[in-house]
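Here is a short report on one protein model.

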Amino acid sequence: MSFKGASLDKQPVRATDVGSGLKKSLTPAQMSMIALGSAIGTGLFAGSKLAIMMAGPSVILSYVIGGVVALLVMGALAEMTVKQPVAGSFGVYAERYLGRFAGYLTKYLYWSALIFAVGTEVSAVGEYMQYWFPQIPGLWWVAIFSAVLLAVNFCSVKIFGTTEYWFSAIKVFAVLAFIIIALWLVFHNPQDQFGVHNYSAEGGFFANGLFGTWSAVIVAIFSYMGIEAISIAAAEARNPKIAVRKSFKVSFLRLLLFYVFTMALILAVAPTSELISGGSPFVTVMSQVGIPFADSVLNFVLIIAALSAMNAQLYAATRMLHSLADSGHAPRIAHRTNRAGAPIHAVWMSAGGIAVAAVVYALVPDGGFGIMLSLATFGALATWLMILLTHVSFRRRVKREQEFLEFKLFGYPAASILGALLLAALLVTSYFVPQFKFTLIFGVPFVVVMSVLYWLVFARKTQKESV
């Protein structure tokens, strides 16, 4: 089947486009919270320590650069989603505007990133629970919470949306409370130990050089990963075009607040050496306050944040696998939905990251988080790169067909091209960063294997369908 020469609004509609069994139950408020739920998790509370270790105080700029890239990706994706809200989202767009192989590869790149990210989040929960119950092995908590969230995703999307909304609401409230406390420490506390002078206290603002600043952008991109879940959820939204536009406008500003501003405050409260010597930088800051049980309250927030991110990422992974099955690029069973409209088989098939994380943490308990982060990062960077490349091809089609766009990314084509170049450069950079040594080591063979699989198994089927 070919879309060449057809109007964007008159293209043949496949099962993928209409959701094929998925129900439209998500509200605009839930859509915004889904994006926040994916993006505000372990990447913020635990990944920030790694980013600070790599860049020092200049990590603030790292998150700004990552935020700019996120803005470009969100804008490009919102533009395409408002025009065509479909299940499978950017995977379907890549298939339409770059070819079936590109769509196939994009979906699997994203799916791989998500399942590893799910494993990262749930393993973090196991570690956080040991703060209260050190005598209970972390893997027990991994199993318990995994079972609970799998059950949530087996239910209707409405239940998922409600769960994610309240998970994210707790996180948002906690981060806002943290910001208020940090602001008080920095600007209203008489002690001289707090303030922006900490930015240059140990080796200067660029303590680890410009390469350290640039390398930390990789962590920032992983932290922002999840914003693209808005477009995936659009196929199950009541008013997808309105929901996507609203979510795009509010989500990016919230992410900048929660990441850039929060990071600036953290580095003003404590010097780099203190932040990287303890656990989460958030815990280090709260230890300066002296509020009773502040550490336990924050630990509870860390658990909620990880569960929320895992919940949203598992949701996105199952919908992407559902779309792959609908295209004939995954086992057909992954396409089946239950009476509630949930792709139940895609849910348990996407839980593989939990098993991988359990094995990794059992073998390398001290470096498990870093390994899982490296594995997930390749798919995240590559997926965002494919989104921007797809957007360029999409715009060319729009211009050729003289189609009207209700929402446009500002600065096209320079914006899309700049974002793509930055992401490509980050992929290359990862090879030279010790903390991300597994990114390309895993990523390149993964692409080769999936490409061979496509041409051996799916190419003939695609040719027959095109005749």
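The side chains of Glu95 and Lys107 meet in a salt bridge, at 3.8 Å from N to O. The pair links distant parts of the chain: Glu95 is in helix α6, Lys107 is in helix α7 (residues 100-129), and the two are 12 residues apart. Both Glu95 and Lys107 are buried. A salt bridge here is a side-chain nitrogen of Lys or Arg within 4 Å of a carboxyl oxygen of Asp or Glu. Buried means under 20% relative accessible area, exposed means over 50%, and partly exposed lies in between (1.4 Å probe, protein chains only).

Glu95 has a further partner. Its side chain also meets that of Arg100 in a salt bridge, again given from N to O, at 3.8 Å. Glu95 counts as buried because its relative accessibility is 8%. Arg100, at 14%, counts as buried too.

## Basis of the model

This is a predicted model: local features need pLDDT of at least 70, side-chain atom pairs count only at pLDDT 80 or more, and totals for chains, interfaces and linings use all residues. Residues are numbered from 1 along each chain as its sequence is written, and side-chain values use heavy atoms, with hydrogens and water left out.

## A bridge across the chain

By the salt-bridge rule the count comes to four. One of them joins Arg395 and Glu79, whose closest N and O atoms are 2.6 Å apart. This pair also links distant parts of the chain: Arg395 sits in helix α18 (residues 368-401) and Glu79 in helix α5, 316 residues apart.

Are these two residues buried or exposed? Arg395 counts as buried because its relative accessibility is 14%. Glu79 is buried as well, with a relative accessible area of 1%. In general, side chains of opposite charge can pair when their charged atoms come close.

## Packing of α5 and α6

Helix α5 (residues 59-83) packs with helix α6 (residues 89-98) at an angle of about 80°, and their axes are 11 Å apart. So α5 is roughly perpendicular to α6. That label covers 65 to 115 degrees; angles under 35 count as roughly parallel, over 145 as roughly antiparallel, and the rest as oblique. Axes are lines fitted to C-alpha atoms, for helices over the stretch in contact, and angles run from 0 to 180 degrees between N-to-C directions.

From α5, the contact (heavy atoms within 4.5 Å) uses Leu77, Met80 and Thr81. From α6, it uses Ser89, Phe90 and Tyr93. These residues divide into four nonpolar, two polar and no charged. Ala, Val, Leu, Ile, Met, Phe, Trp, Tyr, Cys and Pro count as nonpolar; Asp, Glu, Lys and Arg count as charged; the others, Gly among them, count as polar.

## The loop between α18 and α19

Which bond joins Tyr412 and Pro413? It is a cis peptide bond, with omega about 5°. Pro413 is found in the loop between α18 and α19 (414-430).

Gln402 lies in the loop between α18 and α19. Its phi is near 55°, a positive value in a residue other than glycine. Gln402 counts as exposed because its relative accessibility is 72%. Most residues other than glycine have a negative phi, and most peptide bonds are trans.

## The whole chain

The protein chain has 20 helices and zero strands. Helices (H or I, at least four residues) and strands (E, at least two) are DSSP runs, numbered from the N terminus. Buried residues make up 61% of the 467 residues.
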